[in-house]
Structure formats: structure tokens, C-alpha cells
Amino acid sequence: MRCLPSILGLALAASLGACAAPRDAETPGIPLGAPGLTWAAKNTEQKFGFMAAQVHPRMQQVFLEYKPDNYADFSCSNCHGATMEQIDYAMPNQSLYALPPDRPYDDAIDFDSPIAVFMMTKVTPTLQELFNQGEGPPTKVTCFNCHPSS
Ligand code: HEC
Ligand code: HEC
């Protein structure tokens, strides 16, 4: 059974109930999303839980520090796009600004230098760090985990 309910509340309820090992539901305080495994080692259910429990809150903080007024409603869809549920959270998000594969950063600096610097120095390294906690194969995070290439 796939376990990607459309509403976050349902997702959390489902992870604690139907979709998780019973022991998780009986042991309070077990963090969602298998934080002891790297991103590459997680199954889809663990990826969903990790996005909800760690990636979203941490990234919301990072985006809010950058521009408090713009990201008060920061959510899954800022990264995943409006059609995220229909496409099973597939990334990269085709509605984000497309970057050239060769020199994405040079292009981004010309397009909008403050956000390019923010992407390079905050967003990419934060996701790199989150994805590589725990045991398992590493993931190299680049602009193209989120952005399509032009
Ligand atoms: C800061 C950007 C960001 C936010 C916010 C975010 N995600 Fe993600 N998410 C990603 C990226 C990047 C990937 C793809 C990682 C990779 O390349 O494997 C991903 C992958 C996923 C996947 C796995 C998809 C697959 O095909 O394996 C799921 C499920 C998911 N996200 C759900 C969520 C949910 C639910 C939320 C909100 C609670 C959320 N994400 C918030 C960036 C984000
Ligand atoms: C974790 C996902 C993620 C990664 C990695 C990422 N970005 Fe972004 N980027 C976003 C999101 C989400 C936005 C849209 C922010 C908004 O809506 O204000 C964005 C916006 C931008 C914009 C502004 C586009 C516009 O339409 O205004 C540029 C330029 C950009 N990113 C460049 C980069 C570059 C260069 C890299 C690699 C160094 C990078 N990004 C890495 C998620 C990401």
C-alpha cells in the first residue's frame, strides 16, 4: 500500500497508525521519518515522514530568516509545486525557475543575486545536511534536486 495521504494531518496520523510499525505508535517520542537513515536509505513512507517532521520545519525557518514577509505560509508546495499530490511529490519541480545545467549559479546571479546567494549558501547546504544524517549512502544536493534544467 502506498502511504501518501494528501493532508499533512492525515499523513502524521497515518504514520502513527496504519502505515507505521506498531511499536512506533506505542513508543512516544520516536522521531518520524527514520532520522537514523540517510535520505537515500529511506523508503517512501520514511521520506514522507522526514519531509514533514524535519525538512519542512527546518526549511521554513531558513526561508523565514531570509525574508520574513514572503514566507509566512511556507509549505510543502513552495518546493513541490501546486500539483504535488497528483505527481506523488516527484522532483524537480517543473514550475520553479529553470537553470542551465552548465553554470546554474552564474545564471542565477544575473537573474536575481540576493536569492541566488541565499540558494547557494543556505538552501542547498541545509538540504545537503538534512539528507545526509544517519547511516546509508550519501546524497549530493544541487540546485537540480529542486529546479528543472533549462
Ligand atoms: C525545501 C524544499 C522542500 C520542502 C519544503 C518539502 N520538500 Fe519534499 N522533497 C524535496 C526534494 C528536493 C525532494 C527530492 C529529493 C531527491 O532528490 O531524492 C523531496 C522529496 C519528497 C518525497 C519523496 C518523493 C519521491 O519520489 O521519492 C516526498 C514524499 C516528499 N518530498 C514530501 C514532502 C512533504 C509532504 C512536504 C511538506 C510536509 C515536503 N516534501 C516539503 C524538497 C522539499
Ligand atoms: C531545496 C530546494 C531548492 C534548492 C536545492 C535550490 N532552490 Fe532555488 N528556489 C527554491 C524555491 C522553493 C524557490 C522559490 C522561492 C519563492 O517562491 O520565493 C527558489 C527560487 C530560486 C530563484 C528565484 C527564481 C524566481 O523565479 O524568482 C533562483 C534564481 C534560484 N532559486 C536559484 C537556485 C540556485 C542557483 C540553486 C543552487 C545553488 C538553487 N536555487 C537551489 C528551491 C530550491
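Visitor: Why is aspartate 88 called partly exposed?

Guide: This is a predicted model, and in it aspartate 88 has a relative accessible area of 39%. Aspartate 88 sits in the loop between α4 and α5, and its phi is positive, about 55°, although it is not a glycine.

Visitor: What makes tyrosine 89 buried?

Guide: Its relative accessible area is 16%. Buried means under 20%, so tyrosine 89 qualifies. Tyrosine 89 is also in the loop between α4 and α5 and has a positive phi of about 60° without being a glycine.

Visitor: What joins methionine 91 and proline 92?

Guide: A cis peptide bond, with omega at about 0°. Proline 92 belongs to the loop between α4 and α5.

Visitor: How do you know that the site of the iron atom of ligand 2 is octahedral?

Guide: The iron atom has six donor atoms, and the angles among them run from 81 to 179°. Six donors count as octahedral if opposite donors are over 155 degrees apart and all others lie between 65 and 115. From the protein, the donors are Met119 (SD) and His147 (NE2), at 2.0 to 2.3 Å from the iron.

Visitor: Why is that pair said to tie parts together?

Guide: Methionine 119 is in helix α6 and histidine 147 is in the segment after α6, so the pair links parts 28 residues apart in sequence.

Visitor: Which of the two is buried and which partly exposed?

Guide: Histidine 147 has 14% relative accessibility; the cut-off for buried is under 20%, so histidine 147 is buried. Methionine 119 has a relative accessible area of 23% and is therefore partly exposed.

Visitor: What does the side chain of histidine 147 reach?

Guide: The backbone oxygen of tyrosine 97, at 2.8 Å. Leaving out residues up to four places away in sequence, histidine 147 touches Pro92, Leu96, Tyr97, Leu99 and Met119.

Visitor: How does helix α6 compare with its expected span?

Guide: Helix α6, residues 113-131, has 19 residues and reaches 26 Å from first C-alpha to last, close to the 27 Å expected. At methionine 119, α6 bends by about 40°.

Visitor: What makes aspartate 112 a cap for α6?

Guide: One of its side-chain oxygens lies 3.4 Å from the backbone nitrogen of isoleucine 115, at the N-terminal end of α6. A polar contact needs N or O atoms within 3.5 Å, so this pair passes on distance.

Visitor: What do the buried residues of α6 pack against?

Guide: They pack against α3 (44-66) and α5 (104-111). Among these buried residues are Phe118, Val123, Leu127 and Phe131.

Visitor: Why is the site of the iron atom of ligand 1 called octahedral?

Guide: Its six donor atoms make angles of 83 to 178°. Opposite donors must be over 155 degrees apart and all others between 65 and 115, so this site is octahedral. Its protein donors are Met51 (SD) and His80 (NE2), 2.0 to 2.3 Å from the iron. Methionine 51 lies in helix α3 and histidine 80 in helix α4 (residues 76-80), so they tie together parts 29 residues apart in sequence.

Terms used. Residues numbered from 1 in each chain as written. Chains lettered and ligands numbered in written order. Predicted model: local features only at pLDDT ≥ 70, side-chain atom pairs only at ≥ 80, totals over all residues. Heavy atoms only, no water. Helix = DSSP H or I, 4+ residues; strand = E, 2+ residues; numbered from the N terminus. Expected span 1.5 Å × (residues − 1). Bend = angle between axes of the 7 residues up to and from the residue. Buried < 20%, exposed > 50% of the residue type's maximum accessible area, 1.4 Å probe, protein only. Contact = heavy atoms within 4.5 Å. Polar contact = N/O pair within 3.5 Å; in protein donor to acceptor, adjacent residues only side chain to side chain. Donors = N, O, S within 2.8 Å, 3.2 Å for Na, K, Ca; no water. Tetrahedral: all angles 85-135°; square planar, octahedral: opposite > 155°, others 65-115°.
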